[in-house]
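Hello,

Here is the structure I promised to pass on to you. Please open it alongside this message and have a look before reading my notes.

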Amino acid sequence: MIKLLAVYCGARDGSDKKYLEAARQLGEWMAAHRIDLVYGGGQFGLMGAVANGVLDNGGTVHGIITETLASRGAAYEKIQDLKIVPDMDHRKEKMMAMADGMLALPGGIGILEEISQAASWITIGENPKPVAFYNQDDFYSPLEQVFKHMSHEGFLEKTYLDSMCFSDDFDQILDFMEHYHAPHYREYKK
């Protein structure tokens, strides 16, 4: 059962308002499904939009922000639970530990790094939780093709390729997460 969802999303708006709108809709959808938000603790961009979507609809938000970002004024003081951690490694670790699943909204390099870590840790058995990409307007389709190419070339087993969800439908993502079974971790034999 997904009760806490880590959403990786940036502090930027993106070049089209559709990204902010989708982030807010996700927050509204999460509140309606009684799923708490776990996110980077920021008030700007998609971070602020998803948090406001949850908050404005009676949901709960858990933010985890670094000392550096908090000192720059990025922290969202309006949320119910804001934790300040020393650095990004602690933030990523805490978000993954708290959440029942991880979802990436469209974003930049930081989002890609965070969700890629969650996905890669499935292969070594350190993340038994589902990973999904919100594929709004095929935003993540090129990445999905890269993963398929990695699999085709023998660098990513199909079981791990299949352990990730690419979808533009929140209900489909939730269904994937609620029926998820972590694949067996990669073993090394001589």
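Below is what came out of the analysis, from the overall shape down to single residues.

A word on the basis of it all: this is a predicted model, in which local features need pLDDT of at least 70 and side-chain atom pairs count only at pLDDT 80 or more, while totals for chains, interfaces and linings use all residues. Residues are numbered from 1 along each chain as its sequence is written, and side-chain values use heavy atoms, with hydrogens and water left out.

**Overall shape**

The protein chain contains 8 helices and 7 strands; these are DSSP runs numbered from the N terminus, with helices being H or I of at least four residues and strands E of at least two. Its radius of gyration is 16 Å, which agrees with the value near 16 Å for a compact globule of 190 residues. That radius is taken over C-alpha atoms, and the globule rule is 2.2 Å times the number of residues to the power 0.38. Along the principal axes, the C-alpha atoms fill a box of roughly 55 × 35 × 30 Å.

Of the 190 residues, 49% count as buried (buried means under 20% relative accessible area, exposed over 50%, and partly exposed in between, with a 1.4 Å probe and protein chains only). Among contacts with a separation of 6 or more, 68% come from residues 24 or more positions apart; a contact here means heavy atoms within 4.5 Å.

**The core and helix 2**

The largest nonpolar core has 60 residues, and those with the most contacts inside it are Leu26, Met30, Leu37, Met102 and Phe133. Helix 2 (residues 45-55) gives the most to this core, with 7 residues. Such a core is a set of buried Ala, Val, Leu, Ile, Met, Phe, Trp, Tyr and Cys residues joined through side-chain atoms within 4.5 Å.

How much of helix 2 is buried? The count is 11 of its 11 residues, so helix 2 is largely enclosed by the rest of the structure. What covers these buried residues includes helix 1, strand 2 and strand 3 (61-66). As for Met30, leaving out residues up to four places away in sequence, it touches Leu5, Val7, Ile35, Asp36, Leu37 and Val54.

**Two loop residues to look at**

Arg34 is not a glycine, yet it has a positive phi of about 55°. You will find Arg34 in the loop between helix 1 (17-32) and strand 2 (36-39), and its relative accessibility of 68% makes it exposed. Asp137 also has a positive phi, of about 50°, without being a glycine. Asp137 sits in the loop between strand 6 (131-134) and helix 6 (141-152), and at 53% relative accessibility it counts as exposed.

**Thr123**

Apart from neighbours within four places in sequence, Thr123 is in contact with Tyr160, Tyr185 and Arg186. The C-alpha atoms of Thr123 and Met88, 35 residues apart along the chain, are separated by 22 Å.
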